[in-house]
Amino acid sequence: MIKLNSRTIQNEELFYGHKACGGCGESLAIRLAMKILGERTFAALPAGCMSAVSFVYPNMAFTNNAIITPFASTGAVASGMAAGLEALGIKDTHTVGFAGDGGTADIGLQALSGAIDRNDQIIYFCNDNEAYMNTGIQKSGLTPYGTKTTTSPAGKNLPGSVTMKKNMFEIVAAHDIAYAATASVGYLEDFMRKVQKAKDTKGTSYIHILAPCPTGWGYPTEITVSLAKAAVDTGLWYLAEYENGEFTLNRNPKEFVPVEDYLMKQSRFKHLKENDIEVIKAHRDKKWNMMRRKWNTK
Amino acid sequence: MNNKFINGDDAVAEGVRLARPHVISAYPITPQTITVERLSEFVEDKSLDSIYMHVESEHSALACAIGVSSVGARAFTATSSQGLLYMAENLPYASGARLPIVMMNANRALATPWNIYGDQMDSMFLLNSGWIQVYVEDAQEALDMMIQAYRIAEDKNVMTPMMVNLDGFVLTHTYELVDIPSQELVDSFLPPITMPNNSMSIENPKSLCISAGNDFNMEFKIKQENDMKNSISTIEQIDKEFEKVFGRGYNGMLEEYMTKDADAILITTGSITGTTRIVVDNMRKIGKKVGLIKLRYLRPFPDEYIRKAVENIKSVGIIDKNISFGYEGTIFTNVNSALVHLEKTPNMHNFIGGLGGRDITKQNLEDAFNSLLLSANGEKQDRIMYMNVRCQND
């Protein structure tokens, strides 16, 4: 495995001229992933921000092969492409799916489960910006508690979303997938290392990357990376891997950065009251207790 | 000759084996199941060198085929009824992206009331999906059409996915003697897939299933429509070529049987054609001038051929194994629409029958013909008549 850093990744642009908003976390994640996966990569993207910003005829932003899939079908289309390439004897390629949080945890969960069940040779990315951003910021299964979206309004009666994030990483791991990881665009070297690992994995791999969205989260565009870092440092997101039947926590801070700073920088959380923040912290602590107790820690 | 006593589902599987798809995405649904079972056995015994994918739903079965076809490989899948409707979202994806996927559909009733038996409500639902739709009469035609279908779908002037429809149970589960052509003969007729300018490739990467806004969208759709309409000549030419190679053909878009001097004809699709043919023979023996048109393709719709075939006929009946609720049978609507261009249109009657697997007997067909002959004589007959039912129109 080559050591990946800003000097060793390819210079070729592999996600060129897309129309994403300034400060888009997802486009950063895809661009870096594509640089590591290389030009012999076949990409499948369902309905969502990344397909909307990269395939508007006649402007195509992928310089490699790429296809928009039916919304529910990232896993199935990617599996089909991988099988077709194998049958045609086209070697040394990678097949990758880039889906959003809704496309993964909600409508696309079945096809993803099928692909992992067959252990198809695909890499599946969940670009998690915690809501249906392309359709106008509606709640998804990965929207955290207390998030104000256009379908989970915050008011006198509700604090925004009342459910916690669906446990996608563990749902995927429960399939006993060959390789799964979580990542954040705040920790890019960790992310790139995981993409490289997925690239080298025989069988299905899954990377769930937290990718902040200035438009949907309500923050200035220049703080995407620092906010993604803060999500990890506050313990509201975690960096982990699943391989050979074992979970490993890649980062285990002794103390968390206060969640209030992270939350209050974003307009989607500005309405939160003290007791809501207590709910968020309690949920975080429960999760970390479990991870520290049951998972390997580095 | 290699004759085998097999059912319609088996015949499809034999045809698919001979067409050598690269990937089969399989999900079981009655009455299609035997096809995917048989294909799994062919892959196991290595008589078919394909990748067999156990997908988790019909939606994924077609999505997977889209993936396969997008990289330039040959894809096959099969479905029926609610499964076809579950796939529905993916059908225009495949046709709009011009992916030459071939799919078998075992025609079956739609819920509710829940029912596993055959009618044609399912495929009629998707007449507007941009897929070529062919309806076969028997197991031999089912096998032969699997081979023709790949030639048609992959033709560079067509590049359109194709749905081969078999009537559930009546065809899928009925055993017939079927000639299985040799692999050499099929190979000479159906070469390996080539996809000029339309598939992904390492040498020339592409983006597929793109967005096109109001500035370009109509042009894409109109090109698709033009190619679909023009596919009629390709379909006819490929059927003729098939006849030369295999010694049997199917008259392209539609088959006329005893129509030339007929006073009344029935228009049929699928397996009911065989029974109707016998009824025509019997009625001809007692001097009744009846005939039939076997409509093979519903998309592209052979409107010119229908006009030509019925222009001198007094009464025309259309058998529909479907209802477009709130109106009439779907094929009736389509045929009527074709005939408005005639100077003098025949008397038109719609016979709706066979829903949910209800029998259409020889007697029912004879009754239909007699009704059409009365109509031809100027006696008023209902525009829509249900066949073999306890209740009539209110």
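Across the interface of chain A and chain B of this predicted model, 13 residue pairs, both members at pLDDT 80 or more, are in polar contact. A polar contact is a pair of N or O atoms within 3.5 Å; within protein, one must be able to donate a hydrogen and the other to accept it, and residues adjacent in sequence count only if both atoms are side-chain atoms. The elements of chain A that give two or more residues to the side touching chain B are β2 (55–56), β4 (65–69), α3 (74–87) and α5 (109–118), where helices (H or I, at least four residues) and strands (E, at least two) are DSSP runs numbered from the N terminus. Helix α3(A) supplies the largest share of that side, 10 residues. By residue class, the side of chain A that touches chain B divides into 22 nonpolar, 11 polar and four charged residues. Ala, Val, Leu, Ile, Met, Phe, Trp, Tyr, Cys and Pro count here as nonpolar, Asp, Glu, Lys and Arg as charged, and the others, Gly among them, as polar.

Residues are numbered from 1 along each chain as its sequence is written, and chains are lettered from A and ligands numbered from 1 in the order in which they are written. The model is predicted, so that local features need pLDDT of at least 70 and side-chain atom pairs count only at pLDDT 80 or more, while totals for chains, interfaces and linings use all residues; side-chain values use heavy atoms, with hydrogens and water left out.

In total, 37 residues of chain A are in contact with 37 residues of chain B, contact being heavy atoms within 4.5 Å. About 2,800 Å² is buried between the two chains, 67% of it on carbon and sulfur atoms; buried area is the accessible area (1.4 Å probe) that two parts lose on being put together, summed over both. One salt bridge is counted between chain A and chain B, a salt bridge being a side-chain nitrogen of Lys or Arg within 4 Å of a carboxyl oxygen of Asp or Glu. It is formed by Arg118(A) and Glu56(B), with the closest N and O atoms 3.4 Å apart. Strand pairing also crosses between the chains: two bridges join β4(A) to the parallel strand β9 (residues 207–208) of chain B, pairing requiring at least two DSSP bridges between two strands. Within this pair, Ile67(A) stands opposite Leu208(B).

Over all chains, the count of salt bridges is 40. In chain A, the side chains of Lys287(A) and Glu170(A) meet at 2.3 Å, N to O. This pair links distant parts of the chain, Lys287(A) in helix α11 (residues 274–294) and Glu170(A) in helix α6 (residues 168–173), 117 residues apart. Lys287(A) is buried, at a relative accessible area of 15%; buried means under 20% relative accessible area, exposed over 50%, and partly exposed in between (1.4 Å probe, protein chains only).

A further salt bridge of chain A joins Glu260(A) and Lys281(A) at 3.3 Å, N to O. Glu260(A) lies in helix α10 (residues 259–264) and Lys281(A) in helix α11 of chain A, so the pair ties together parts 21 residues apart in sequence. Both are partly exposed, Glu260(A) at 30% and Lys281(A) at 22%.

In chain B, Glu241(B) and Arg151(B) form a salt bridge with closest N and O atoms 3.1 Å apart. The pair ties together helix α9 (residues 217–246) and helix α7 (residues 139–154) of chain B, because Glu241(B) lies in the former and Arg151(B) in the latter, 90 residues apart in sequence. Glu241(B) is partly exposed at 28%, whereas Arg151(B) is buried at 15%.

Arg74(B), in the loop between α3 (58–70) and β4 (75–80) of chain B, is buried with a relative accessible area of 4%. A polar atom of its side chain lies 2.7 Å from the backbone oxygen of Ala19(B).

Most residues other than glycine have a negative phi, and most peptide bonds are trans. The peptide bond from Thr30(B) to Pro31(B) is cis, with omega near 0°, and that from Arg299(B) to Pro300(B) is cis, with omega near -5°. Positive phi values are found at Asp92(A), near 55°, and at Ser81(B), near 50°. Asp92(A) is exposed at 66% relative accessibility, while Ser81(B) is buried at 0%.
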